[in-house]
Each structure stands twice: as structure tokens, then as C-alpha cells.
Amino acid sequence: MIMITQSQSKSAGSLSVRAAALLLLLIALVGNGCLSKPSLRTQIFAFQSPPAATAASSMGVVMLRSVTVSPVFDNNSFIYRTGPETYEIDPYASFMATPGEAIGIAVRARLLASGHFGNVVEPGSLAKANQLMEVNVSELYGDFSQPGKGTAVLSLRITLFRVDNAGNRRPLLQKDYSRQIALKKNTAADVMAGWNEALNEIVTEFTGDLPGGPRS
């Protein structure tokens with residue numbers, strides 16, 4: 001038979017009281033958020049749109065007919081590369097419009113701001129365009145696969161046609177453009193800023209490739 005002395009009983013009771021107190025303290029701390037991580041909030045992003053140029057060149061009117069995005073990256077939510085063949089979708093960061101629409105709006109704004117065209121219109125516009133442009137996006141993601149070396153990746157192909165009065169099209173330019181912009185932090189906001197910078201550089205390079213541009 002095991003005998004429990006009075007001192008042992010008091011010790012056990014004291015431990016029970018301490019355990020209960022610690023449990024209550026833990027509940028209070030969790031309730032006040034002291035031990036919890038900061039709550040994640042949903043963020044919605046759009047490309048920046050620069051103001052239109054005050055003076056335009058004589059290249060006429062261009063219609064941006066379509067912007068298509070590879071099905072791999074055609075997702076409103078941001079996509080991050082985490083390994084050679086692995087990707088993650090960020091449920092808390094997304095575009096305000098579809099990726100194709102978001103990039104289309106940004107490309108039109110940048111082409112207008114470049115001053116190389118008299119106008120940049122959408123399909124269905126009553127304005128007569130003498131040039132037609134197509135954009136195909138092959139890469140659109142944040143690359144976090146290398147620790148401490150995050151980048152915003154944007155790759156696309158731009159095709160430009162000359163359209164005559166009969167509606168016939170003649171290719172003027174077709175080129176692939178790609179940028180990888182280093183990130184200061186691996187955050188959705190930094191990825192969006194990187195895509196903005198990448199698109200600015202791509203449109204600048206494209207306008208330099210135009211017939212009559214500085215590289216002609």
C-alpha cells in the first residue's frame with residue numbers, strides 16, 4: 001500500500017494551482033494576440049499607368065488587338081516559383097483584373113506615354129488604325145527559388161503589323177522580350193513593383209526597335 005503524506009498532498013495541490021494559473025495566463029495571452037502571428041490581409045494590385053505624352057510622332061494609330069497569357073500563369077492570384085519545377089499560388093495577392101487585361105491596360109498607357117504613336121486604341125474602336133499589335137505573355141511570376149535572390153519575372157512576345165487601306169497586314173516587327181528584376185524583399189508588393197519596372201523596360205526597348213526608332 002502506498003501512503004501519501006500531508007506534505008506530499010500539499011505539494012501536489014500547489015502544482016495543480018500553478019498549472020491552472022499558467023493555463024489561464026496562456027489563454028489570456030492568446031486571446032490578446034500576443035502569441036499569434038500578424039493576421040494576413042488580402043492585397044489587390046494593378047500596374048502603374050504613366051501620363052500620356054504631350055507630343056506624338058507620326059507613326060499613326062496602333063490597335064492593341066489582344067494580350068494573351070500562357071495558361072500556366074493566367075491566374076488572377078500571384079504565382080511564385082519555389083523550386084526548379086514547383087510553384088505556389090498566393091491566395092492573399094491578386095490582380096484587380098485578369099492578367100491579360102491588366103497588362104493590356106498598362107501597355108496601352110506606356111505606348112501613349114512614349115510619344116511614338118498618335119493614339120493607341122482597343123478592338124472595336126471607331127478610330128482607324130494603320131498598325132496592329134499582339135502581345136503574348138509567356139512568363140509572369142515571382143521567383144523565390146533561390147534563397148535571398150528573389151526576382152520578378154516577365155517575358156513576352158510583341159508582334160506589330162502594318163495595316164493598309166484594304167485591311168491587309170504586313171509584319172513590321174516580332175521580338176521576344178524578357179526581364180528579371182531583383183527584389184529587395186520577397187513580398188507581393190515588391191513583386192508587383194518588379195513587374196512594373198520590367199514592363200517599363202520592355203516597352204522602352206520595343207519603341208527603340210520600331211522602324212524609325214533610335215535603333216533603326
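**Close-up views of salt bridges and a buried asparagine**

**View 1. Lys175, Arg179, Glu201, Glu205 and Asp209 join in a network of salt bridges.** This is a predicted model. Glutamate 205 belongs to helix H3 and arginine 179 to strand S8, so their pairing ties together parts that are 26 residues apart in sequence. Both glutamate 205 and arginine 179 are buried. If you are counting, the model holds seven salt bridges.

**View 2. Arginine 157 and aspartate 176 form a salt bridge through their side chains.** Here the N to O distance is 2.7 Å. Arginine 157 sits in strand S7 (residues 151-163) and aspartate 176 in strand S8 (residues 169-182), so the pair ties together parts that are 19 residues apart in sequence.

**View 3. A salt bridge joins aspartate 143 to arginine 81.** Their closest N and O atoms are 3.7 Å apart. Since aspartate 143 lies in strand S6 (residues 131-143) and arginine 81 in strand S3 (residues 77-81), the pair ties together parts that are 62 residues apart in sequence. Aspartate 143 has a relative accessible area of 11%, so this residue counts as buried, the cut-off being under 20%.

**View 4. Asparagine 196 is a buried residue of helix H3 (residues 188-209).** Its relative accessibility is 6%. Leaving aside residues up to four places away in sequence, you will find asparagine 196 touching Ala46, Phe47, Gln48 and Arg110.

Definitions and conventions: Residues numbered from 1 in each chain as written. Predicted model: local features only at pLDDT ≥ 70, side-chain atom pairs only at ≥ 80, totals over all residues. Heavy atoms only, no water. Helix = DSSP H or I, 4+ residues; strand = E, 2+ residues; numbered from the N terminus. Buried < 20%, exposed > 50% of the residue type's maximum accessible area, 1.4 Å probe, protein only. Contact = heavy atoms within 4.5 Å. Salt bridge = Lys/Arg side-chain N within 4 Å of Asp/Glu carboxyl O.
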